[in-house]
Amino acid sequence: MSDQMWKKIVVAASLCLVIAALTVAAFVLLKDDKQVYTGESFNMSLSKPLFISVKEAEVTERSIENVEDIIHTSELSLLGFDIGTYELTERTLGNGTQFIFERFTNDSTFALPLATAVTGLGETDYKDWNPVVVEHEYHKDFGTDPTVNPFGKVEYDGGEILQGNVYISTQMEMEYENGDSSYVRELQEEVRNVELQDDSIEKSFWLQKNEIAESWLLVSEEALFDSAEVEDDWIDYALHNQTQQLNWLTSDGPYTKLPHSIEPYTPLGYGRSIGRFEDNVSLRWNTNTPSIFFESMILNSRSNLINYFDEYDGTRWPTEYTSTWLKDQYDITASYVDTRFNEYVAFYLDHTAELYDEDIEQEEFAVEVYADYLLSRIEVGETIEAGEGFLIVDYFDEDPETPITHASLNHELGGLKILLAAYGNSKEDKYLDAANKVVTGIEYFGQRDGGWIRDTGDLWYQVSPDGTFDGKDYPHLTLIDLLETQALFEELGMEQNDYFNEMIDSKLDYVKSEDIQLNDKAIELLQERNISYLEAS
């Protein structure tokens, strides 16, 4: 080949590279803004490469109690081919505040430079929700959660906005032979470089192929907190207590850090944990320091729980990721029902419906709905036989091929409280009959080999499927359950259970001998029974 020919090839190749570079530069630098939301006091816009089109949004509506969701879903396309989606959900709560949730998905094979902005705010004032950097210790079960507080609060002409960060993740899925799947989100990045301009809040990021980007904001015409002191206290508390606050909020519920014992595995695994859906932390803070922020978080948590409930046929709240411990022990995979979490959720929904009856229109008692589900599992034999009674097992995977699990005392008492409360609400004998069988089951095992009370005075944690006792009890949890169950017996006009009192007395003696510090809830319940904290600990 002649030198002249080589020169032509080099020139042609160079020209192709220049054209490619210019094309990429044009794709990145040439931007187009599209307004995607028009509100009463601000608008929202989407910035994307000029050559990407945003199709007209499909609008759907969803009503839950007196919460209204308006969902705008737009397809992103390039040269006529769909390459992703943009979803904006406008959620209006019963107290008048709004959550706005955003979600992008990138279904293409290349990265997308994207940005969204809240515009037309007028004059603003900003409060940083991350005033200090807090280093968190490595946790042996959960590892380290690198996420932080939301970006911060912006005061503007129309009220206040709390702006969240942008969470970029990928969906991980493990499929099983029975057709079920386990779902985990792997966090790729928490984008914190949200920018506050003259009259706008701007968030920009790159979205790689198969990634999901999610963000949110809470909007209120009134002040989110009654005082700056309460807000400062909450910011500091949330920074130092990661497991007590929710920062990755979506229209489908909050995502929180999961333990290492998950499948599929990633050290940065996050998921929709049923135990974190109910926002008891906001409930506690709102009791002591009532604020629009805490109330809105509570009302939003109810909406999330009911939406999740509807996802799973409206009968229970399953866990959608696999616990490797349960899989190894009992061959249970997602989805499965954790009876303790479901009990907590049912009581939380009924309790908050009563507290916020002006903002909530609950159609039926959640306790009765879950009690009916428990009865359905009892009927198919997901119990441990105990003489004339039985114990309800801790976990249901609704697969007759897998073995039943253990029955722990705290789960057992939780199920008993659900059945008793359902009877108290309805006076239907089916709930009381099942409750009496559970009490008989607890007493039956209490008469065997020393019963639930160990030689130390502490309680056994569980009865295994083969009928043997095993495990160390929690310091406070089961004690609280025993005290609450006795109180519930009295509320229903029944006698307290003698064996339950025997377990309470033994546990208190053990607590005193080991100098265990009881928590506030245990102390309160003991005081209601005229047992002083000094006597107990």
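A polar contact is taken here as a pair of N or O atoms within 3.5 Å, where, within protein, one atom must be able to donate a hydrogen and the other to accept it, and residues adjacent in sequence count only if both atoms are side-chain atoms. The model is predicted, so that local features need pLDDT of at least 70 and side-chain atom pairs count only at pLDDT 80 or more, whereas totals for chains, interfaces and linings use all residues. Residues are numbered from 1 along each chain as its sequence is written, and side-chain values use heavy atoms, with hydrogens and water left out.

D473 lies in the loop between β27 (469-472) and α11, these elements being DSSP runs numbered from the N terminus (helices, H or I, at least four residues; strands, E, at least two). D473 is buried, with a relative accessible area of 5% (buried: under 20%, with a 1.4 Å probe and protein chains only). The side chain of D473 forms a polar contact of 2.9 Å with that of K507 and one of 2.6 Å with that of T478. Residues up to four places away in sequence being excluded, D473 touches D458, L459, W460, Y461, T478 and K507 (heavy atoms within 4.5 Å).

The axes of helix α9 (residues 409-426) and helix α11 (residues 477-491) come within 9 Å and cross at roughly 25 degrees, the axes being lines fitted to C-alpha atoms over the stretch in contact, with angles running from 0 to 180 degrees between N-to-C directions. The two helices α9 and α11 are therefore roughly parallel to each other (angles under 35 degrees). Among the residues making this contact are L413, L416 and L420 of α9 and T478, L482 and F489 of α11.

Conventions. Parallel < 35°, antiparallel > 145°, perpendicular 65-115°, else oblique. Buried < 20%, exposed > 50% of the residue type's maximum accessible area, 1.4 Å probe, protein only.
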